[in-house]
Amino acid sequence: MALILHRAGSGPVTLTSCEDALANLFRQANEDPGLPEADLRSLLAGHLKDLEIARILKAAGQDGWELTPRGRHALKQHPEGLDQTDLVKYPEFAAHLRNTAHQSCGMDPRMNSYDEGYLARRRGLSFTANPYAFDNVDHQSWENGWMEALEERQG
């Protein structure tokens, strides 16, 4: 994402211009990207979409994007680039993740511990209130539920 942000900082970008810039970086470094071109293109397209959802980029011209004021601020704050942990701080991106997240079909045997953790955070219990043994998968599931409730509250 750093490549996209820096390129967009100089003017509008397209998927093709980002592909060309990435290929140039690999050439300069004498490195093989390690992925087929189609996979790299898909990754870049996904990053562009994520940045647009987070309103870091906005549509510009035919098949292009440019930085928004939020994007200029993000570039200043994160010159090394953004990842999803940064993007989730933007309400539009967080809402997108919630809306597109995997929905359980009711078959997950760990939903009870997840729900317990979620409810514990909503009730004000601390992260250390996890009742499950550290080496138990229910421990992690409880933590995941607790963190989800925290993120929703902060979101």
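## Basis of the description

Helices (H or I, at least four residues) and strands (E, at least two) are DSSP runs, numbered from the N terminus. By this numbering, R121 lies in helix α7.

The model is predicted, and for this reason local features need pLDDT of at least 70, side-chain atom pairs count only at pLDDT 80 or more, and totals for chains, interfaces and linings use all residues. Residues are numbered from 1 along each chain as its sequence is written, and side-chain values use heavy atoms, with hydrogens and water left out.

## Helices α7 and α8

Two packed helices are described by the angle between their axes and the distance between the axes. Axes are lines fitted to C-alpha atoms, for helices over the stretch in contact, and angles run from 0 to 180 degrees between N-to-C directions. Helix α7 (residues 111-122) packs against helix α8 (residues 137-154) at an angle of about 40 degrees, and their axes are 6 Å apart. The two helices are therefore oblique to each other; angles under 35 degrees count as roughly parallel, over 145 as roughly antiparallel, 65 to 115 as roughly perpendicular and the rest as oblique. The crossing of α7 over α8 is right-handed, a term used if the near helix is turned clockwise from the far one by less than a right angle.

Contact means heavy atoms within 4.5 Å. On the α7 side, the contributing residues include S113, Y114 and R121, and on the α8 side they include S141, W146 and R153. By class, this contact has 7 nonpolar, 5 polar and 7 charged residues. Here Ala, Val, Leu, Ile, Met, Phe, Trp, Tyr, Cys and Pro count as nonpolar, Asp, Glu, Lys and Arg as charged, and the others, Gly among them, as polar.

## Two residues of this pair

S141 belongs to helix α8 and is buried, with a relative accessible area of 9%. The term buried means under 20% relative accessible area, exposed means over 50%, and partly exposed lies in between (1.4 Å probe, protein chains only). The side chains of S141 and S113 are joined by a polar contact of 3.0 Å. Such a contact is a pair of N or O atoms within 3.5 Å; within protein, one must be able to donate a hydrogen and the other to accept it, and residues adjacent in sequence count only if both atoms are side-chain atoms.

R121 is also buried, at 18% relative accessibility. Apart from neighbours within four places in sequence, R121 is in contact with W146, A149, L150 and R153.

## Helices α1 and α2

Helix α1 (residues 2-9) and helix α2 (residues 15-28) pack at an angle of about 115 degrees, with axes 10 Å apart. The crossing is right-handed. L3, I4 and R7 of α1 meet S17, C18, A21, L22 and L25 of α2, and by class this contact has 6 nonpolar, 1 polar and 1 charged residues.

Within α1, the residues L3, I4, L5 and A8 are buried. The elements covering the buried residues of α1 include β1 (13-14), α2 and α3 (37-53).

## Positive phi values

Most residues other than glycine have a negative phi. N30, which is not a glycine, has a positive phi of about 55 degrees. N30 is in the loop between α2 and α3 and is exposed, at 72% relative accessibility.

D63 likewise has a positive phi, near 60 degrees. D63 is in the loop between β2 and β3 and counts as exposed at 57% relative accessibility. G11, which follows α1, has a positive phi near 145 degrees.
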